[in-house]
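This briefing is for a reader new to the structure. It takes up one residue, then goes through a number of local features by topic.

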Amino acid sequence: MTAKFKTNSIPNLNIEYRPLELEKEIREFWQENQIKEKLMEFKQENNNGITGWVEGPPTLNGIPHVGHARGRAMKDLRYRWKSMQGFYMPFWAGWDCQGLPVELEVEKLLGVKNKRELLERVGEERFIQECKKAIMKYQRAWVEVDRMLGVFIDQEKAYWTYLDDYIEKEWQYLKRAWDQGLLEEGYYVVAYCPGCQTSLSSAEVGYEDSYREVEDPSLYFKFKLAEDQSEYFLVWTTMPFTLITDTMLAVHPDAEYAKVSVDNEKWILVKQRVEPVMQELNIEKYEVTETVPGKSLEGKKYEYPFKDIVPKQAELDKHPLVHRVICEDFVDVNTATGVVHLAPGNGEEDFFAAQKRGVPVFAPFNDEVEFTADAGVFSDIFARDTDEMVVEELRKRGLLVEVKTVKHEYPTCWRSHHKLVWLARREYFLRTEKINEKVVQAAEKVEYFYEGPKNRFLSFLKEGKPWCISRERVWGAPLPVWKCEQCEAKTLVSSKRELIEKAIEKPQGHFELHKPWVDRVTFKCEKCGGTMRREDYVLDTWHNSGASPYARFTKEEFEKYVPTDFLTEGIDQTRGWANTLLLEHVILTGKSEAPYKAFLFQGLAQDARGRKMSKSLGNMIEANKLLQKYSADISRFYMLRKCSPVDFINFDLQELSRRPYQVLSTLYHLSRFFLQNAEFDDFDPQKYTFEWAKQLNELKNPDLWLLSKLQRTIEDYTTRLEKCEFNFALAVLEDFVIQTLSRLYVPMVRKELWTDDPETLGRRQAIYATLHHALKTATTLFNPITPYLSEALYRKVYRRLNPELPESVNFESWPNPEEKMQNKALEEDFQTILKCVSLAYSARQSAKLKRRWPLNKVVVVAPDKLCKALKDNEELLLELANVKTVEYAQTMPEYVSQKDWVSASENDFQVVLNAQRDESLLGEGLMRDLARRVQALRKELGYTPTDVLNAVHVAELEEENTKLLKPYLKEMAELVRAKKVHLHISCEQVEAEWHESQLDEKKIYVSIS
RNA sequence: GGGCCGGUAGCUCAGCUUGGCUGGAGCGUUCGGCUGAUAACCGAAAGGUCGAGAGUUCAAAUCUCUCCCGGCCCA
């Protein structure tokens, strides 16, 4: 044995795979050597193309949890993969800084209950400062997650949606809308909390626990038909006060409506509800006299009863469309009467129905939700408090049918739990419904990878609702519209410069594009000379982030990178960023084009039991905490491997540390195994190449087979990545590492490597060349998923063998499958061999013949084609099956008897093994048994695989066994890497440290030194 | 209440487009085996009313309908 066998030190490649240590080391390496920065710079200068990218900015109102981490892993996957493919991708961060979520978070921090208290106690200026402080705090948490997770996003180039430059560019979108007549003032229905005296966003309405069981009036009333004084519409509501703002009745166009005679009147309601409603109203005597389709009721005028006490309603009544019946699909014909009264000033659907038809919206409310003078006798009363008055007025007029109370689920304010009220307020809109056709067309051209999210997005877009972009809040991009106090003329500014030029008094001191600074600027009206003041709104924060493609880049960059090739965000962004990006881009460019060519909507993260992660359930897994305890590589692998990216992931920490560890650990140990052997033989990857091996004819079938499998792996993996099937992509890679490499290839060549015979050095170098290529390729393919492990192996194995390689795996190019290395026929042959071997094992097991015991003969009964595959690889077959000879046959030979042979079969494939063992086979088997025990002992006593033992002593073997063993002692010495093996009758013969061991239920003693 | 997605082994997921032979894989459990790269791996066992019901069909996890449960979004 050479001295080299004693060197087993592999610097920094620990015998155990310890990802946390390794990742820390690599993080430091990246940091010290500026790898992230170098990569970005390098690709900017040297690329084969550009793939655009805009970061979907996380809202800085909280800390990231595992769901966010998953999203970031997918983005980083894209970046590393595309970079290796030779693309330049501007992977720059971005932060969503403004809006209600941030305000609410800061209100909480300041201990303020609502907006009014906020303005009184804190004031706008200080509030803005606090908001900025808060976002900086959260941003640090996000950056830390990116750092730990190994996300190579460029934080230096991050965009911040609250900065003046950004807001100016956002204003340019509005300018485009303004010029096209798409930006308008109008009414919009918002949820309003009477307790907090503030409007709520739709997101707040949807907060968990906001739906509560409440008690409300259940009111049946009737409206008289104008054309026939004996006919009435029967209507039900739980909000009597909305009768004050009523302007329409709605029926379902396709439903059948009945005229029911009750006393001397005819009531109209949907046919299928006649019986239950009459039962509920305790009316026994009634008769359906006629049925008519809902459609036929359209346009009927009804007598609005409160014209005398609500003066504005008397005026509205003259409008040709007011107080008439309309047809709407949203009318529910399975509850109440199937006739719905509509109050566009107090309901969203009502509002849209009115807007669609040009029906005026009646919303006589002040800021405290009290009725104004327009509501006549109801003025100055809080809206909800008029319920009883309304009922009384109906009773007076003989229109009340029944009033009771009802318990039902109803949205309440998430803070104060007051019942919410919907009411129309003056707001600003983007009339996106006017460009809806273009928007939908643009969206249809986009690749979504999965049908579900695509349908969801498109069907949402087809609703084509106008977009209310104004918010009555503080911390947001200001709406740049100034309105004349006198003549109500409006003007829109689109830059800071324009604003300052127009200002009557130039701003002094600190000035930024936020409240309260912008509010102090007034203009002189060009039309009438009056004073123009800013409309006191900020923009919807979704408008803010939706402006990012134009706002975050320079003009040149925008031309180059937008539309981007690919974007990805959570499925919750269908109505959010994905939507606003699209709308704003269509407005900006006037083209039916989305700012992205492909969009992957990701599923969100849930807990191990499939429940939504929420603060109240306490099941939130914070990304920072996860990454302190668990490996980033393993987490990334787990999150991408477990399920499809569109599926909701049930995040389970126990699962995380099982299979994913095993896979990565196997890759680690394979690499270690390779390096250990390769270094021993001074393998030089630049010298011992395939070409070299091929010329010397040293590449054998197992190598060719492995290389062929590798090509298929590269191809499948890349295709799956292209299709965003990350989970399947990783299954392909996992299979290559676990099955192809670890389970099959290494055992095929292990024996050839287990020697230092100079005669076979060439063959060993050929194996190293093969392993080197396969493992290095796998390491490269893993890089987008497990950047730490890939980088570590790249440096400690491949760069160690060839210091001329680039300093980081990220500079490697993406492998391409090479057709000439593919060999389908060989792959099929190997499938046959492996099947045959597996059957042989199965047969052995049934006769309790250990695999390490050599057998004399195997007979394979199989079709010709299969036998040929075996014959071509006979040496391998014998080695793997551990038999001396093989015979092939079409039918079972006669000499095969049940007594001496064991068999296993599958379909047309039968394998029979000769179970008879002569003395020589018994001896060799015994030797292998003993060798196994010595090996176990070596490991136990801390010897490394390449250490050479001086002597191995075995004592107290039975006499017969000693005889059988004698001829194999030399072979055994080689197998266990010992200079000599000694046999003794009893332990006492030699002074040694004996270790007891079992051999077929008898005690023996082994000692090594 | 509406729309979308899902329900297959103890757990996590394939299979369903285009119906067809005993419904798969991994993890976990038990037993046995292999192994000086490995927390790998191999063999066997236990474990399934393919959410429920109905329909179409010679034949349904797969197609159709109804219902139940979970999730998401919207009311």
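I587 is part of helix α19, which covers residues 577–589. The model is predicted, and I587 counts as buried in it because its relative accessibility is 3%, under the 20% limit. Leaving aside residues up to four places away in sequence, I587 touches Y173, R176, A177, Q180, L182, L430, T432 and I435. R116 lies 471 residues from I587 along the chain, and the C-alpha atoms of the two are separated by 35 Å.

**Confidence**

- Chain A has a mean pLDDT of 86.
- A pLDDT of 70 or more is reached by 95% of the residues of chain A.
- Over residues 1–9 the pLDDT stays under 50.
- For residues 1–9 the model has 19 contacts beyond four places in sequence.

**Aromatic pairs**

- The structure contains 49 aromatic pairs.
- One of these pairs is formed by Y173 and Y550, with an edge-to-face arrangement. The ring centres of Y173 and Y550 are 5.9 Å apart, and the angle between the planes is 90°.
- This pair links distant parts of the chain, as Y173 and Y550 are 377 residues apart. Y173 belongs to helix α7 (residues 164–179), and Y550 belongs to helix α17 (residues 548–551).
- Y173 is buried, because its relative accessibility is 3% and the limit for buried is under 20%. Y550, with a relative accessible area of 13%, is buried as well. Y173 is also one of the residues that I587 touches.
- F371 and F378 form a tilted aromatic pair, 6.4 Å from centre to centre and with 50° between the planes.
- F371 is buried at 1% relative accessibility, and F378 is buried with a relative accessible area of 0%.
- F371 and F378 also belong to a cluster linked by ring pairs.

**Charges over rings**

- The ring of W92 has the charged end of K157 over it, at 4.2 Å from the ring centre.
- The face of W853 has R917 over it, and here the distance from the ring centre is 4.0 Å.

**Packing of helices α21 and α26**

- Helix α21 spans residues 632–641 and helix α26 spans residues 726–753. The two helices pack at an angle of about 120°, and their axes are 7 Å apart.
- On the side of α21, the contact is made by F637, L640 and R641. On the side of α26, it is made by F726, N727, L730, A731 and E734.
- Of the residues in the contact of α21 with α26, five are nonpolar, one is polar and two are charged.
- E725 lies in the loop between α25 (701–722) and α26. With a relative accessible area of 16%, E725 is buried, because the limit is under 20%. Not counting residues up to four places away in sequence, E725 touches Y450 and R720.

**Backbone features**

- Most residues other than glycine have a negative phi, and most peptide bonds are trans.
- K515 and P516 are joined by a cis peptide bond with an omega of about 0°. P516 is found in the loop between α15 (496–502) and β22 (523–524).
- The peptide bond from V562 to P563 is also cis, and its omega is near 0°. The loop that holds P563 runs between α18 (555–561) and β25 (567–570).
- E488, a residue other than glycine, has a positive phi near 65°. E488 is located in the loop between β20 (481–484) and β21 (490–492). The relative accessible area of E488 is 52%, so E488 counts as exposed, for which the limit is over 50%.
- D682, a residue other than glycine, has a positive phi near 50°. The position of D682 is in the loop between α23 (659–680) and α24 (690–695). D682 is exposed, with a relative accessible area of 53%.

Notes:
Residues numbered from 1 in each chain as written. Chains lettered and ligands numbered in written order. Predicted model: local features only at pLDDT ≥ 70, side-chain atom pairs only at ≥ 80, totals over all residues. Heavy atoms only, no water. pLDDT = per-residue confidence, 0-100. Contact = heavy atoms within 4.5 Å. Phe/Tyr/Trp six-rings, centres within 6.5 Å; stacked < 30°, edge-to-face > 60°. Helix = DSSP H or I, 4+ residues; strand = E, 2+ residues; numbered from the N terminus. Buried < 20%, exposed > 50% of the residue type's maximum accessible area, 1.4 Å probe, protein only. Lys NZ or Arg CZ within 6 Å of the ring centre and 35° of its normal. Axes fitted to C-alpha atoms, helices over the stretch in contact; angles between N-to-C directions. Nonpolar A, V, L, I, M, F, W, Y, C, P; charged D, E, K, R; others polar.
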